[in-house]
Amino acid sequence: MRTQVVIVGGGPSGLLLSQLLLKSGIESIVLERKTKDYVLSRIRAGILEQGMLNLMREAGVGDRMDAEGFVHDGTLIAANNETFRIDFVQRTGTPVMVYGQTEVTRDLYEAREKAGGKIVFNTDGVVIHDAKTDAPYVTYTVDGTEHRIDCDFVAGCDGFHGVSRKTIPDSVRSEYEKIYPFGWLGVLSETPPVDDELIYANSPRGFALCSMRNANLSRYYVQCPLTDHVDDWTDAAFWDELKRRIPEEAADKLITGPTIEKSIAPLRSFVTEPMQWGRLFLCGDAAHIVPPTGAKGLNTAASDIHYLYHALKEHYLEGSDEGIDGYSQKALLRIWKAERFSWWMTNLLHRFPDQSDFDLKMQQAQIAFLRDSDAAQTVMAENYVGLPY
Ligand code: APR
Ligand code: PHB
């Protein structure tokens with residue numbers, strides 16, 4: 001087979017790129033290791049920056065998002081038994097949208113299918129060949145049958161555990177990682193959200209977050225030791241712990257119920273450099289991971305897709321490789337800023353096992369500064385709503 005762009009990975013990054021390229025008449029084939037249902041079964045975050053909203057609309061996949069997503073003009077920070085609000089719109093003129101990543105991925109699959117987009121599921125043993133030439137190709141098997149696709153470019157959108165990053169030789173790659181000494185226990189419950197806006201809580205018992213998916217589907221998280229197992233946490237234990245960590249008035253009005261999903265995710269910051277090697281380009285989790293505290297996971301993938309889509313469009317429609325040659329540098333500049341913000345939010349709102357009394361005082365002073373300083377709130381708001389592309 002032959003196409004212009006082979007996209008390895010049928011997650012939100014790969015699907016969004018494929019749909020955008022189609023809009024510019026650029027062909028692509030998506031190779032996904034799992035089934036569509038498996039991809040859609042993964043519960044992920046749900047805060048969308050303006051940049052991601054614009055890309056979804058440009059890709060012609062914004063209708064349900066705009067109809068069902070919640071526009072949030074601000075968020076709540078709770079600490080030391082008090083709550084204060086960060087007003088994104090007052091500080092930056094820009095809100096965010098609450099719309100689950102699962103719904104984003106579902107809308108993208110629907111659009112790909114409607115457009116007759118080529119997605120190969122259940123691919124095995126994907127290998128990227130000759131990325132350092134101008135005629136790369138990708139081989140893989142499906143049900144034991146070998147396949148080969150010749151192409152011009154390969155987009156590695158296959159997440160942290162994919163093959164694309166590992167295709168770049170160790171001698172060329174630099175990796176930066178920080179593992180946090182705790183995880184997030186997250187639950188989904190068919191209950192009304194405790195508040196109209198998200199509550200990020202720093203409590204003596206650790207971090208907690210109150211989020212939502214829709215008017216009767218809520219998402220809650222509590223910081224937990226990495227040694228914990230989901231089975232250690234009954235629903236009752238979860239609700240009880242959450243109530244102890246959020247402001248009293250929220251705890252009093254919290255509506256609890258049976259959880260329909262419960263999982264523990266480790267927290268890590270990770271970046272690989274460079275994000276391109278010859279005609280192979282890394283996007284999203286294949287190149288970088290952020291702790292979820294800043295809600296930057298999908299939004300950093302979106303800016304990668306924005307830069308690569310425009311670079312490929314420039315190559316095919318204008319015959320210029322300026323974007324192609326500058327992709328990694330441009331993407332990494334924004335990625336490192338999002339990494340810094342996610343690391344800062346994580347340090348601000350979590351309790352660390354080895355935190356000294358002085359460290360705790362520093363954390364409390366940071367929170368007090370954020371509460372009392374317009375400039376600090378504007379800096380947080382600018383980063384939360386998304387830095388310019
Ligand atoms: N061959 C084909 N497909 C693969 C391979 C492989 N070797 N390895 C992984 N994949 C597929 C996975 O099954 C998955 O569906 O690539 C897809 C990668 O999707 P994601 O992990 O969702 O990564 P990405 O599309 O970059 O989305 C980033 O996901 O984890 C969240 O917080 C993150 O929100 C961010 C978003
Ligand atoms: C979520 O809704 O799952 C969510 C929201 C904000 C975060 C992380 C997760 O920072």
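The accessible surface of the chain is about 16400 Å², and carbon and sulfur atoms hold 50% of that area; areas come from the Shrake-Rupley method with a 1.4 Å probe, and for residues only the protein chains shown count as cover. This is a predicted model, in which local features need pLDDT of at least 70 and side-chain atom pairs count only at pLDDT 80 or more, while totals for chains, interfaces and linings use all residues. Side-chain values use heavy atoms, without hydrogens and water, residues are numbered from 1 along each chain as its sequence is written, and chains are lettered from A and ligands numbered from 1 in the order written.

**Overall fold**
- The chain has 13 helices and 20 strands, counted as DSSP runs numbered from the N terminus (helices H or I, at least four residues; strands E, at least two).
- Its radius of gyration is 21 Å, which agrees with the value near 21 Å for a compact globule of 389 residues; the radius is taken over C-alpha atoms, and the globule rule is 2.2 Å times the number of residues to the power 0.38.
- Along the principal axes, the C-alpha atoms fill a box of roughly 60 × 40 × 40 Å.
- Of the 389 residues, 55% are buried, meaning under 20% relative accessible area with a 1.4 Å probe, protein chains only.
- Among contacts (heavy atoms within 4.5 Å) with a separation of 6 or more, 72% join residues 24 or more positions apart.

**Nonpolar cores**
- The largest nonpolar core has 65 residues, of which Leu-16, Leu-31 and Leu-48 touch the most other members; a core is a set of buried Ala, Val, Leu, Ile, Met, Phe, Trp, Tyr and Cys residues joined through side-chain atoms within 4.5 Å.
- Helix H10 (residues 297–318) gives the most to this core, eight residues.
- Another core of 32 residues lies apart from it, and includes Phe-88, Tyr-180, Leu-209 and Phe-341.
- Leaving aside neighbours within four places in sequence, the contacts of Leu-31 include Val-6, Ile-7, Val-120, Val-138 and Ile-149.

**Helix H3 and its surroundings**
- Gly-51, Met-52, Leu-53, Leu-55 and Met-56 are buried in helix H3 (residues 50–58).
- The buried residues of H3 pack against partners including helix H1 (12–23), helix H4 (63–68), helix H6 (101–114) and H10.
- Gly-60 follows H3 and has a positive phi, near 75°.

**Thr-105**
- Thr-105 lies in helix H6 and is buried, because its relative accessible area is 4%.
- Beyond its neighbours within four places in sequence, Thr-105 contacts Pro-12, Leu-15, Val-39 and Leu-40.

Note on methods: Buried < 20%, exposed > 50% of the residue type's maximum accessible area, 1.4 Å probe, protein only.
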